[in-house]
Amino acid sequence: MEESREACFAYIAGSATRGTGKQPLRFPEELVSDTQGIEVVEEGVRYKTPWGETVPMRILEIKEAKVVWCPMHNWQKGFSGTTSSLQLFHVLNELSVRYIILDASVGGIKPLKPWDLVIPDDLVAFNNDLCELALRTEGLPVFIRMAEPFCPHIRQILVQAIPEAAEAPFGQTLKNGVYVDKPMGRFETPAEVQIIGHWRETAFCRKPTVLGESLGLDAEGARRIGAHAAELCLVANYAEGTSPDKRWWVEEGRGNFYQRCPRLIAPIMLKALRLLIEDPPASCNCRLYWEDAKATSSL
Ligand SMILES: [Zn+2]
C-alpha cells in the first residue's frame, strides 16, 4: 500500500530539550525563536489508553502536516517506562503516525565527549518489552523485525539539520553509532561500561557507543506501529568510570549543561521536522520489515 503524505508526524522530545524546570519546556515557543508557520491546533491533550492517561501532548500544524509533540517520552510519575511507552505508542498508532523524530541526551563512551552529537544506526536493548501493545491491538504484528532499527532517510535528515560548521559548544557529529539501552531510572556501572567498551573493540561492534534509557522503548514502539524513526543524541556525560573528572556529572552535567542544551537542540529538531515534512521517506526498508512481520505473525 502506498504511504500517504498526509500521514501524521510525531516529535517525541527527550532530555536534550526538556530544560531544568518543573515542567518540560514547550515546543516550539519556549525553545525556538522562529515559530513562523507553526500553529498549535490542540493543546494539553491527555489521551486515555488501556494503560492509563498520557502526559499532556500537543498537535501542531506545520506546512499543513499534523505533528504530535510529546514531551519527555511520555514519562510521568505513577507509570513505569514500559507502561509510559505502551500509552504513547497506543496513541501514535491510533493517530496513524508514520514518521517520528526523537531527541535525547546520553552518556558517551570514549572517544565521545559532552556536546558531541550522535545519530545512532543500531541498538542494543534486551530489557524492553512492548509486546503487550501488539497482543492487545488488532492489526499489529507480535513478532517484529529489528533489522535496521532506525530509518536511514530520517537519520540523513537529522544530519542535514545540524549546522555545517558546528557552532560552539557542539563537538563532533557522528552519523552512526550504537545506542545501548538500560532500564529507566538507573545509570550504568563502570563494569557495564567496560563490557560495552570491550564489545566495541571486538568484531561485535566497531562503532562509537552511547548509553541511555529511552531509545530501546521508543525504537521498539515505532517499529511495532510500522513507523519510520530516528533520534538525535546529545552526549551529556561521560559513561561511569570513564570521566576524567568525577564531579563533572553533578557540577556541570546536571546544571549548566541542561540549561543550555534545549535551545541549541530544538532548532535542529525543528529544521529536521520541516525537512521531513517536505521529503518523507520513500525508499527505505522500514515498512518492508513491518509488513514482513505482519505477514508471518502467528498470534
Ligand atoms: Zn524508513
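Figure 1. In helix α5, the residues Leu-215, Gly-216, Leu-217, Asp-218, Ala-219, Glu-220, Gly-221, Ala-222, Arg-223 and Arg-224 are buried. A residue is called buried if 20 or more other C-beta atoms lie within 10 Å of its own, exposed if 12 or fewer do, and partly exposed in between, with C-beta atoms placed from the backbone. The helix, residues 215-224, is thus mostly covered, with 10 of its 10 residues buried. The model is a predicted one, in which local features need pLDDT of at least 70 and side-chain atom pairs count only at pLDDT 80 or more, while totals for chains, interfaces and linings use all residues. Residues are numbered from 1 along each chain as its sequence is written. Helices (H or I, at least four residues) and strands (E, at least two) are DSSP runs, numbered from the N terminus. Just after α5, Gly-226 has a positive phi of about 75°.

The axes of α1 (residues 81-94) and α5 come within 10 Å and cross at roughly 30°. Because of this angle, α1 is roughly parallel to α5. The contact involves Gly-81, Thr-82, Ser-85, Leu-88 and Phe-89 on α1, and Leu-217, Gly-221 and Arg-224 on α5. The axes are lines fitted to C-alpha atoms, for helices over the stretch in contact, and angles run from 0 to 180 degrees between N-to-C directions. Angles under 35 degrees count as roughly parallel, over 145 as roughly antiparallel, 65 to 115 as roughly perpendicular and the rest as oblique. Two residues are in contact if their C-beta atoms, placed from the backbone, lie within 7 Å.

**Figure 2. Phe-150 and its surroundings.** Phe-150 sits in the loop between α2 (131-135) and α3 (152-161). Phe-150 counts as buried because 27 other C-beta atoms lie within 10 Å. Leaving out residues up to four places away in sequence, Phe-150 touches Pro-120, Asp-121, Arg-155, Ala-219, Ala-229 and Ala-230. Phe-150 and Ala-230 are 80 residues apart along the chain, yet their C-alpha atoms are separated by 5.1 Å.

Figure 3. A nonpolar core is a set of buried Ala, Val, Leu, Ile, Met, Phe, Trp, Tyr and Cys residues joined through C-beta atoms within 7 Å. The largest one here has 79 residues, and those with the most contacts inside it are Ala-10, Ile-100, Ile-101, Ala-229, Cys-233 and Met-269. Not counting residues up to four places away in sequence, Ile-101 touches Tyr-11, Ile-154, Leu-158, Ala-230, Met-269, Ala-272, Leu-273 and Leu-276. In soluble globular proteins, nonpolar side chains tend to be buried together.

**Figure 4. Two cis peptide bonds.** Most residues other than glycine have a negative phi, and most peptide bonds are trans. The bond from Phe-27 to Pro-28 is cis, with omega near 10°. Pro-28 lies in the loop between β1 (8-12) and β2 (38-45). The bond from Lys-110 to Pro-111 is also cis, with omega near 10°. Pro-111 is in the loop between β7 (97-108) and β8 (117-118).

Figure 5. Glu-64 is not a glycine, but has a positive phi of about 70°. Its place is the loop between β5 (57-62) and β6 (65-70). Glu-64 counts as exposed because it has 10 C-beta neighbours inside 10 Å. Asn-74, likewise not a glycine, has a positive phi of about 70° and lies in the loop between β6 and α1. With 28 C-beta neighbours inside 10 Å, Asn-74 counts as buried.

**Figure 6. The loop at Pro-183.** Pro-183 is in the loop between β11 (178-181) and α4 (190-201). It has 14 C-beta neighbours inside 10 Å, so it counts as partly exposed. Apart from neighbours within four places in sequence, Pro-183 is in contact with Asn-127 and Glu-213. The C-alpha atoms of Pro-183 and Pro-169, 14 residues apart along the chain, are separated by 29 Å.
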